[in-house]
Amino acid sequence: MVTIHHITSHRIEPLFGINLLSSRQAGKFYRDSFASYQQSFLQLPEGEYQGFQPGVYKYEFQIALNGDVPESIRARRGNISYLLGGLVKRQGIRSVLSVERCIQIERTLSPSSFEWQQPTHRAGELPDQCQFYVLIPTTSYTIGESIPITVGVIPLRTGVRMKRIHLRLMEATKYRTALKNWSKMHVHRVSRLNNPWKVGANDGEQLFELNIPTNSQLIEADSNTHYVRLKHYISIRLDLVDSSGDRQYLTLHLPIRILSANLKNLEDSLPTYDHAVLHPPKYEEFS
């Protein structure tokens, strides 16, 4: 990734040095800086300086990230963050000027990957009550989408009928502690849907849609790193009643992968060669 570092000067400035600083941290159970980077654009010997005329100065720089670096994440009890800062040393009372900015790092994996398009399904039987099945068209969804869930129930004896269905999107997270162990699993509900079972011609199978919220305080994309492991699953509870009025409850958990909405935007956009290391060849060279 190529970024531009701007320096704006409104008067002649004698500068001793211009530095770029980058750090990556994980915390909340404990803090650990697991990587750092520094680059100097101007570094003069002691006592020397260079004058800058009024204007805007741009410095191009490039930071290469290893393929195994963890993506940014901000969970309820911990986060992984990347901080980019600039430092300018000059003469005068305020001899050091600095600025910091938090940057987002995400893996550019395609949501259309064949593995992620596989359906999720579950089928079984509640003895002497009913057979059931649940179908979710694909394994992965992006933040802000709706998850279509097909549920089918087939009674095995007269009088057994569906009463209500409860759908929950759950987020489960555990964190690396100061002792390098994993914390207990922290689980909270992200989204829910409670519906009565509709009685009609197709009352044996019904389709429901569970919305994925966009609020970052409610949900975070799946992540599996050395510091934070975050995953999602759908909890389904079927409420049944028999001819005598006795209730039966059946609960299922189906894993689901939640992806960043930025990956969907990346998938929908056309590729660009603006910052490519090697530009595509000119087609007239092959004519």
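Which residues does I236 touch, not counting residues up to four places away in sequence? The residues are V134, I149, I165, H166, L167, L250, T251, L252 and L254, where contact means heavy atoms within 4.5 Å.

1. Basis of the note. This is a predicted model, in which local features need pLDDT of at least 70 and side-chain atom pairs count only at pLDDT 80 or more, while totals for chains, interfaces and linings use all residues. Residues are numbered from 1 along each chain as its sequence is written, and side-chain values use heavy atoms, with hydrogens and water left out.

2. Confidence. The mean pLDDT (the predictor's confidence in each residue, from 0 to 100) of the chain is 76, and 72% of the residues reach 70 or more. Residues 1-18 have pLDDT below 50, yet this stretch has 79 contacts in the model beyond near neighbours in sequence. Residues 269-280 also have pLDDT below 50, with three contacts counted in that way.

3. Overall content. The chain has one helix and 18 strands; these are DSSP runs numbered from the N terminus (helices H or I, at least four residues; strands E, at least two). Of its 287 residues, 38% count as buried, meaning under 20% relative accessible area, against over 50% for exposed and partly exposed in between (1.4 Å probe, protein chains only). Among contacts between residues at least 6 apart in sequence, 64% join residues at least 24 apart.

4. The four-stranded sheet. An open sheet has the order β9-β10-β12-β15 with antiparallel pairing; two strands pair if DSSP finds at least two bridges between them. β9 (120-126) and β15 (205-211) are the edge strands, each with a single partner, so one side of each has no neighbour in the sheet. The twist averages 15° from one strand to the next, with axes as lines fitted to C-alpha atoms and angles from 0 to 180 degrees between N-to-C directions.

5. Strand pairs. Seven bridges join β9 to β10, and R122 has V134 as its bridge partner in β10. Six bridges join β10 to β12; here C130 stands opposite P155 in β12. β12 (residues 146-155) pairs with β15 over seven bridges, and the partner of P148 in β15 is E209.

6. The β9-β10 turn. These two strands form a hairpin with three residues between them, and D128 in the turn has a positive phi of about 65°. Q129 lies in the loop between β9 and β10 (130-136). At 8% relative accessibility, Q129 counts as buried. Leaving out residues up to four places away in sequence, Q129 touches P155, L156, R157, V160 and Q248.

7. Nonpolar cores. A core here is a set of buried Ala, Val, Leu, Ile, Met, Phe, Trp, Tyr and Cys residues joined through side-chain atoms within 4.5 Å. The largest has 31 residues, and those with the most contacts inside it are I149, V151, I236 and L238. β10, β12, β13 (161-175), β15, β17 (228-241) and β18 (247-259) each supply at least two residues of this core. β18 gives the largest share, five residues. Another core, of 10 residues, lies apart from it and includes V69, A75, Y175 and L230.
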